[in-house]
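I set out to look up contacts between side chains and to record them entry by entry.

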Amino acid sequence: MTADDPRSLDGYREKLVRRKQEWAREGRLLTEEADALWPRERLPPGQRLIEKWPVLDLGVQPDIPRDKWIFTVDGLVENPICWKWDEFISQPQVTLSSDIHCVTGWSRYDNVWTGVHIAHVLETCAPEAGARHCLMYSSDGYTTNIRIDRLADEDVLLAHSWEGEYLAKEHGGPVRIVIPKWYFWKSAKWIRRLEFICEDEKGFWEDRGYHNDGDPWREERYD
Ligand SMILES: Nc1nc2c(c(=O)[nH]1)N[C@H]1C(S)=C(S)[C@@H](COP(=O)(O)O)O[C@H]1N2
Ligand SMILES: [Mo]
């Protein structure tokens, strides 16, 4: 029997090795997709991926017609803002896609938001040097806090639309803030006011045992 004889184990092994060597020379199975897969981990620890978008709130879903909605920015800013719907909607618009990570354990990928970019809000209101934190106020009485540098992140916006349609009331319409890098409780629905302050102040859940920061990658769920 020669080494090429398939009945010989040595021959079989040799053929296999030869074939693998050919594959290596050809670069077989290389897809050049490695960059597209970055970051390799998309689902934070302890989260499960879902498709349907759940509704979570304090049991009150305020009914705010767009023509009655008023949005203010005040506190440590040089130019306080007071936008009615028409003014808000005539500001420059952006569309951004991001993932949602809720502290209750679900995540939802590729949510497409349209609205006013936070950079535009910050440019317009011009926070003073002493402004370090932001307290967000909602029409259902909810509040939540965020450090100003985290609020200023390039993926943050005041969203009026989701997937090309106006945001449903149960998801915070007419306008909610979206702050994707932090657990979703920081993304206040029915937003009505941003207050810039010097010292940090806790919001509704931060005051009730949730973590003050809420980084999903560090599982900062509870205090
Ligand atoms: N105004 C307001 N915003 C809120 C809440 C709330 O109760 N009131 N709940 C927060 C929590 S805990 C979560 S998980 C998300 C839920 O948003 P969704 O109902 O659109 O999924 O909204 C956040 N923003
Ligand atoms: Mo939540």
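I looked up arginine 193 and glutamate 195 and found that their side chains meet in a salt bridge, 3.6 Å from N to O. I count a salt bridge when a side-chain nitrogen of Lys or Arg is within 4 Å of a carboxyl oxygen of Asp or Glu. Arginine 193 and glutamate 195 are both buried; buried means under 20% relative accessible area, exposed over 50%, and partly exposed in between, with a 1.4 Å probe and protein chains only.

I noted the basis of the entries: the model is predicted, local features need pLDDT of at least 70, side-chain atom pairs count only at pLDDT 80 or more, and totals for chains, interfaces and linings use all residues. Residues are numbered from 1 along each chain as its sequence is written, chains are lettered from A and ligands numbered from 1 in the order in which they are written, and side-chain values use heavy atoms, with hydrogens and water left out.

How many salt bridges does the structure hold? I recorded 14. One of them joins aspartate 110 and arginine 42 at 2.7 Å, N to O. Aspartate 110 lies in strand β5 (residues 106-117) and arginine 42 in the loop between α1 (9-26) and β1 (48-49), 68 residues apart. Helices (H or I, at least four residues) and strands (E, at least two) are DSSP runs, numbered from the N terminus. Aspartate 110 is partly exposed at 43% relative accessibility, and arginine 42 is partly exposed at 33%.

I then returned to arginine 42, which also lies over the face of tyrosine 109, 4.0 Å from the ring centre. A charge sits over a ring if NZ of Lys or CZ of Arg is within 6 Å of the ring centre and within 35 degrees of the ring normal. The charged end of arginine 66 sits over the ring of tryptophan 85, 5.6 Å from its centre.

My last entry concerns aromatic pairs, of which the structure holds 16. Rings of Phe, Tyr and Trp (its six-membered ring) pair if their centres lie within 6.5 Å; planes under 30 degrees apart are stacked, over 60 edge-to-face, and the rest tilted. Tyrosine 142 is buried, at 9% relative accessible area. Phenylalanine 204 also pairs edge-to-face with tryptophan 205, at 5.0 Å and 90 degrees. Tryptophan 205 is partly exposed, at 26%.
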